[in-house]
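The following briefing is meant to be read alongside the sequence and the coordinates.

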Amino acid sequence: MNAARPAGLTRNQLAWRIAQDIPDGAYVNLGIGQPVLVGNYLPAGREIVLHSENGILGMGPEPAPEDADEELINAGKKPVTLLPGAALFNQAESFAIVRGRHLDICVLGAFQVAANGDLANWSTGAPGAVPGVGGAMDLAIGASRVFVMTDHCTRGGAPKIVGECSYPLTGRRVVTTIYTDLAVIDVTAGRLTVREMAEAVDRETLQGLTGAPLGWAPALRPLTAPRV
Amino acid sequence: MIDKRVADIAEAVADIGDGATVLIGGFGEAGSPTELIHALIDRGARDLTVVNNNGGNGHIGLAALVEQGRVRRMVCSYPRSSDADVFRSFYEAGKLELELVPQGTLAERLRAAGAGIGGFYTPTAAGTVLAEGKECREIDGVDHVLELPIRGDFALIKAETADRWGNLAYRLAARNFGPVMCTAARVTIVQARRLVPLGGIPPETVVTPGIHVDRIVTVPDPMSERDAILRGDRYP
């Protein structure tokens, strides 16, 4: 049987949804890859300061190509801008900010997240492949809250939320909330609690796509986002 | 009189010998001391250990140093990128040793070396494969990993402005690893875009105090790594 994948949020809708949970005044790091999209949907009227590992607070959006400056890039090495109020600092200070638990939120991608909050997002452990960790391990243990942005399942349909990570860990018991195309799931005291669920699935289907037992918030709400 | 200026870039790297550990500043192309790296290639030193956040891009700068077979071992946090074919092929062929270090731990190990700290416990990487073989200890209920300093024989750094005492200021996010690497090497060699008289950098905006710098060479118009990679440039 070839079950169709339930249609949940698009990647940009998921970025929009995560952005709604970032409060006014927050200091936030958006990990390289998908999480950068969250920056496109930060709600108007909130002052949110974006941190970049290479030494920036107050990072602004991507510039027009003609204004790009190769000495002003983000952690993904893409050109960025500085907002009024921005600050630049060296690498040791940048990671003192991270490790010292001064960031309120970081948003990271994931290969796997375990029910106890373990995160695997830097290596599939494939032998011979060039490994690269960057700042992921520092961010995972450093930010007050770690949001994971991920598809609910792999392209092959395997659950990315699992009982125990089979890939090498980035950090142990670090994830606070998992945002997927199908659900928003809080990780508390080693348990998963679904706070929002996409209309494309019911509880049984969502549980079937998840590799660890799910609990349900008393006020379970639909996971929705505008067309973005 | 203190005058750390050297006449040309070849002289700046003339004593970097085989087997040296070289700290190379920069985060991707931002802050890469590309001209100093090219001078090091011309100098011919081999069997180097290189510490840099990345593994070099395209066929210039650090990637060219690797491609010329001069690097035995690299210490970095993220040698993967879309233009890192040289690193990948050397690594996959077993011609390059890699010590992978989380980015913040890399910065702090360099800082520790420059600050006379014998090591530090960090929660980063605790319980992961990157902590294997390292001393671990629980502090305030949190697992920590003992990390040791990384010292360089030489550091190659790009700055925006320098004076003859070696005081430095950096441009935008090109600062990155410069300030910690300057403190962590026995000999710190800086290419600066602009040389100014003493006092030309207002004291409260000096980022690296000159005490950490040994040699200054002026490179008024440093190459853009991004443009060079887009053009497909190679060095030599």
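This is a predicted model: local features need pLDDT of at least 70, side-chain atom pairs count only at pLDDT 80 or more; totals for chains, interfaces and linings use all residues.

**Helix H5 of chain B**
- Twelve of the 13 residues of H5(B) are buried, so the helix is largely enclosed by the rest of the structure.
- Among the buried residues are the charged B:Glu108, B:Arg109 and B:Arg111, and the list also includes B:Leu106, B:Ala107 and B:Leu110.
- The cover over these buried residues comes from both chains, and it includes helix H2 (91-99) and helix H3 (136-142) of chain A as well as strand E1 (21-24), strand E5 (120-122), strand E7 (142-147) and H6 of chain B.
- After H5(B) comes B:Gly116, which has a positive phi near 75°.

**Contact between the chains**
- On the side of chain B, 41 residues are in contact with 31 residues of chain A.
- At least two residues of this side are supplied by each of helix H4 (85-92), helix H5 (103-115), helix H6 (178-184) and helix H7 (225-231) of chain B, and H5(B) gives the most, with five residues.

**Nonpolar core**
- The largest nonpolar core has 142 residues, and those with the most contacts inside it are A:Leu108, A:Leu119, A:Val148, B:Ala155 and B:Met181.
- Strand E8 (residues 152-162) of chain B gives the most to this core, with six residues.
- Leaving aside residues up to four places away in sequence, B:Met181 touches B:Leu23, B:Gly25, B:Leu110, B:Ala155 and B:Ile157; one of these, B:Leu110, is a buried residue of H5(B).

**Sheet in chain A**
- Ten strands of chain A form an open sheet with mixed pairing, in the order E4-E3-E2-E1-E5-E8-E10-E11-E12-E13.
- Strand E4 (81-88) and strand E13 (214-223) are its edge strands, each pairing on one side only, and the twist from one strand to the next averages 25°.
- Within chain A, strand E10 (residues 177-180) and strand E11 (residues 183-188) pair in the antiparallel sense over three bridges, and A:Thr177 has A:Asp186 as its bridge partner in E11(A).

Conventions. Residues are numbered from 1 along each chain as its sequence is written. Chains are lettered from A and ligands numbered from 1 in the order in which they are written. Two residues are in contact if their C-beta atoms, placed from the backbone, lie within 7 Å. Helices (H or I, at least four residues) and strands (E, at least two) are DSSP runs, numbered from the N terminus. A nonpolar core is a set of buried Ala, Val, Leu, Ile, Met, Phe, Trp, Tyr and Cys residues joined through C-beta atoms within 7 Å. A residue is buried if 20 or more other C-beta atoms lie within 10 Å of its own, exposed if 12 or fewer, and partly exposed in between; C-beta atoms are placed from the backbone. Two strands pair if DSSP finds at least two bridges between them. Axes are lines fitted to C-alpha atoms, for helices over the stretch in contact, and angles run from 0 to 180 degrees between N-to-C directions.
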